[in-house]
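Reader: Pick one part of this model and take me through it slowly, please. I'd like to see how its pieces sit together, with the cut-offs spelled out as you go.

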Number of protein chains: 2
Amino acid sequence: MSEYNSLPLVTAAEQFAKLPGIGMKTAQRLAYFMLNQPAEDVEEFCQGILSARKSVHCCSVCQNFTDGEICSICNDDRRDKKVICVVEAPKDVSALERAGGFNGIYHVLHGLLSPMDNIGPNDIRIAELMRRLSGDIDEVIMATNPTVEGEATASYISRMIKPMNIKVTRLAYGLPAGSALEYADDVTLQRALENRNEL
Amino acid sequence: MSEYNSLPLVTAAEQFAKLPGIGMKTAQRLAYFMLNQPAEDVEEFCQGILSARKSVHCCSVCQNFTDGEICSICNDDRRDKKVICVVEAPKDVSALERAGGFNGIYHVLHGLLSPMDNIGPNDIRIAELMRRLSGDIDEVIMATNPTVEGEATASYISRMIKPMNIKVTRLAYGLPAGSALEYADDVTLQRALENRNEL
């Protein structure tokens, strides 16, 4: 930014630039937008974010974000408490709930195993998951992302669970709905072939 | 967002969704990002924006954003005070300063004439510009965007200035019509400054 920009503007832009997917140019645009808003609106914006950050913590059962002691999914009597779906992050719970079709409960790991980034089993919430499995559990669904880290984490956890005689499953690999064969990558196509279903 | 998202998360996402160019999906991603940050970082983010909004106001001379009484450009003895470049918004000053090639001072209108949106001459800072012209001014450069409103505003103001025997010029049409100053590349902006025409 130019030496002629006033310092607070630069500060505001730098704060926006810390957000994921927001570069310096967009950050500057957002900063200018904010400076043009009524002071009450800017106050409301910051209060909304600050109070969210303050009131939200992790559900003591599933580790998902909640503002209560136990989240609304763990608290819901209609959900099947014998099926646990293990995901990497709270946003994955949102995605699965939006999609519908799952009536069990969740466990949020808050990360994936990644030796390259020095993230081991004690850095994500695996111990909390293991503690839950001492109860009456029928199935654990590993719903981590289909990436190297997601796969490694899923297989690490499944190896820990198997001796407990609990069924462990993994989300199916295959073609994304609405996509085209010609654009699918080789691994996806191979998996889609291997896991073909009878019609 | 799903009924299972906790309320503060929805509030935070709604605040982000108010920003220009940020839809509900990106807003939700940003809200999740914020909830994952340390509380101090979120505090710093909000403080940066709040204090910028509080300390920044308009320069009493050129109406550009500043945190002092008079902005650093108006205060700079090396700038030619006899040439005033009239722009729509503070971000346009940034764009022109970034491009370089202009050594005069600015006047920020904070809007453009737009009868469709009920914005008339009294809604933007034309009176403040006129007051400045009673001093020793050689030239006024109309640097509003090359859009319908920008053109209309430029010609309206130039008609007001001409009887005062001050030269009024317009940025050259090196700028692609219908675009915005803030996205123009530096060379285009410099050419447009060099080839300005008398109105």
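Author: Let's settle one word before anything else: buried means under 20% relative accessible area, exposed means over 50%, and partly exposed is in between, all with a 1.4 Å probe and protein chains only. What you're looking at is a predicted model, where local features need pLDDT of at least 70, side-chain atom pairs count only at pLDDT 80 or more, and totals for chains, interfaces and linings use all residues. Residues are numbered from 1 along each chain as its sequence is written, chains are lettered from A and ligands numbered from 1 in the order in which they are written, and side-chain values use heavy atoms, leaving out hydrogens and water.

I'd start with helix α1 of chain B, residues 7-17 (helices are DSSP runs of H or I with at least four residues, strands are runs of E with at least two, and both are numbered from the N terminus). Its buried residues are P8(B), L9(B), V10(B), A12(B), A13(B), Q15(B) and F16(B). An α-helix has 3.6 residues a turn, so residues three or four places apart point the same way. And what do the buried residues of α1(B) pack against? Within chain B, they meet α2 (24-36) and α3 (39-55), and from chain A they meet α3 (39-55); contact here means heavy atoms within 4.5 Å.

Strand β5 of chain B covers residues 139-142 and pairs in the parallel sense with strand β6 of chain B, residues 167-170, over four bridges (two strands pair if DSSP finds at least two bridges between them). In that pairing, E139(B) stands opposite K167(B) in β6(B). Strand β3 of chain B (residues 83-87) also runs parallel to β5(B), again joined by four bridges, and there I84(B) faces V140(B) across the pair.

In a regular strand the side chains alternate between the two faces of the sheet. Both faces of β5(B) are covered: E139(B) and I141(B) are buried on one side, V140(B) and M142(B) on the other.

Strand β3 of chain A (residues 83-87) runs parallel to β4(A), residues 105-108, and four bridges join them. C85(A) stands opposite Y106(A). The two strands make a right-handed β-α-β unit with helix α4 of chain A, residues 90-99. Strand β4(A) is covered on both faces, with I105(A) and H107(A) buried on one side and Y106(A) and V108(A) on the other.

T66(B) lies in strand β2, residues 65-66, and counts as buried because its relative accessibility is 4%. Its C-alpha atom is 27 Å from that of T169(B), 103 residues apart along the chain.

Most residues other than glycine have a negative phi. Q63(B), though, has phi near 70°, and H110(B) has phi near 55°. Q63(B) sits in the loop between β1 (57-58) and β2 of chain B, and at 8% relative accessibility it counts as buried. H110(B) belongs to the loop between β4 (105-108) and α5 (126-132) of chain B.

Note on methods. Right-handed = clockwise from strand over helix to strand, strands pointing away.
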